[in-house]
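This report describes one protein model in plain terms. Look at the sequence and the structure first, then read on.

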Amino acid sequence: MGRPPSNGGPSFRFMQYEVTEMDAILQEYHNTMPAREVLVSLADKFSESPERKGKIQVQMKQVWNWFQNRRYAIRAKSNKAPMKLNITPMPRDDSAVARSVPQQVASPIPDAVPATTSASSGRVNSKVFEDLLPFSILLTYLVIYLALLNFEFKMSPGLIK
């Protein structure tokens with residue numbers, strides 16, 4: 001889309017054949033910025049086309065901006081693509097030592113008790129919150145664990161020494 005120029009003139013658009021040619025060059029350069037000479041020659045070539053000759057002079061900066069915007073869009077699209085989660089099961093340790101350890105029995109979950117206020121102090125009964133604190137901590141750890149399962153960490157080659 002782009003914004004219109006500040007001088008009130010018509011906004012600049014590349015023709016479809018120009019976009020196709022620039023796309024081909026971008027693929028040829030493996031999504032890296034082509035050399036300045038290539039950008040200048042494209043701007044000159046587009047300016048000399050029959051549709052633009054004598055009307056619009058295509059600047060090298062406009063061609064450069066197109067390449068930058070397209071490279072950014074390609075990167076953003078590749079980062080947004082859904083990634084396949086690579087989850088491998090944890091190895092199970094079935095040793096007899098682990099089986100003989102007595103397990104702690106979890107206490108039953110208390111029924112939700114509405115918070116009450118005492119008439120004299122106007123404060124909320126803190127016992128309810130103290131009873132629910134272990135469950136809220138457990139829920140927090142569960143949310144963090146699930147978030148980490150869905151997150152794929154990519155190590156940058158520059159960080160490994």
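## An exposed tyrosine

Tyrosine 141 is exposed, its relative accessible area being 58%. Here exposed means over 50% relative accessible area, buried means under 20%, and partly exposed lies in between, with a 1.4 Å probe and protein chains only. Tyrosine 141 sits in helix α5, which covers residues 126–149. Helices (H or I, at least four residues) and strands (E, at least two) are DSSP runs, numbered from the N terminus.

## About the model

The model is predicted: local features need pLDDT of at least 70, side-chain atom pairs count only at pLDDT 80 or more, and totals for chains, interfaces and linings use all residues. Residues are numbered from 1 along each chain as its sequence is written, and side-chain values use heavy atoms, with hydrogens and water left out.

## The chain as a whole

The protein chain has five helices and zero strands. From the N terminus on, its elements run α-α-α-α-α. Of the 161 residues in the protein chain, 13% are buried.

The accessible surface of the protein chain comes to about 14100 Å², and 61% of this belongs to carbon and sulfur atoms. Accessible areas come from the Shrake-Rupley method with a 1.4 Å probe; for residues, only the protein chains shown count as cover. A contact means heavy atoms within 4.5 Å. Among contacts in the protein chain between residues at least 6 apart in sequence, 58% join residues at least 24 apart.

## Two packed helices

At what angle do helix α2 and helix α3 pack? The angle between helix α2 (residues 36–47) and helix α3 (residues 60–80) is about 115°, and their axes are 8 Å apart. The contact involves Arg36, Leu39, Val40, Leu42, Ala43 and Phe46 of α2, and Met60, Val63, Trp64 and Phe67 of α3. Axes are lines fitted to C-alpha atoms, for helices over the stretch in contact, and angles run from 0 to 180 degrees between N-to-C directions.

## Salt bridges

Side chains of opposite charge can pair when their charged atoms come close. A salt bridge is a side-chain nitrogen of Lys or Arg within 4 Å of a carboxyl oxygen of Asp or Glu. By this rule there are four salt bridges. One of them is between glutamate 18 and arginine 52, with the closest N and O atoms 2.7 Å apart. This pair links distant parts of the chain: glutamate 18 is in helix α1 (residues 16–28) and arginine 52 is in the loop between α2 and α3, 34 residues apart. Is glutamate 18 buried or exposed? Glutamate 18 is buried, with a relative accessible area of 0%, and arginine 52 is buried too, at 3%.

Another salt bridge joins the side chains of lysine 45 and glutamate 21 (2.7 Å, N to O). Lysine 45 belongs to helix α2 and glutamate 21 to helix α1, 24 residues apart. Lysine 45 is partly exposed at 47% relative accessible area, and glutamate 21 is partly exposed at 23%.

Arginine 70 and aspartate 23 also meet in a salt bridge through their side chains (2.8 Å, N to O). Arginine 70 lies in helix α3 and aspartate 23 in helix α1, 47 residues apart. Arginine 70 is partly exposed, with a relative accessible area of 27%, and aspartate 23 is partly exposed, with 23%.
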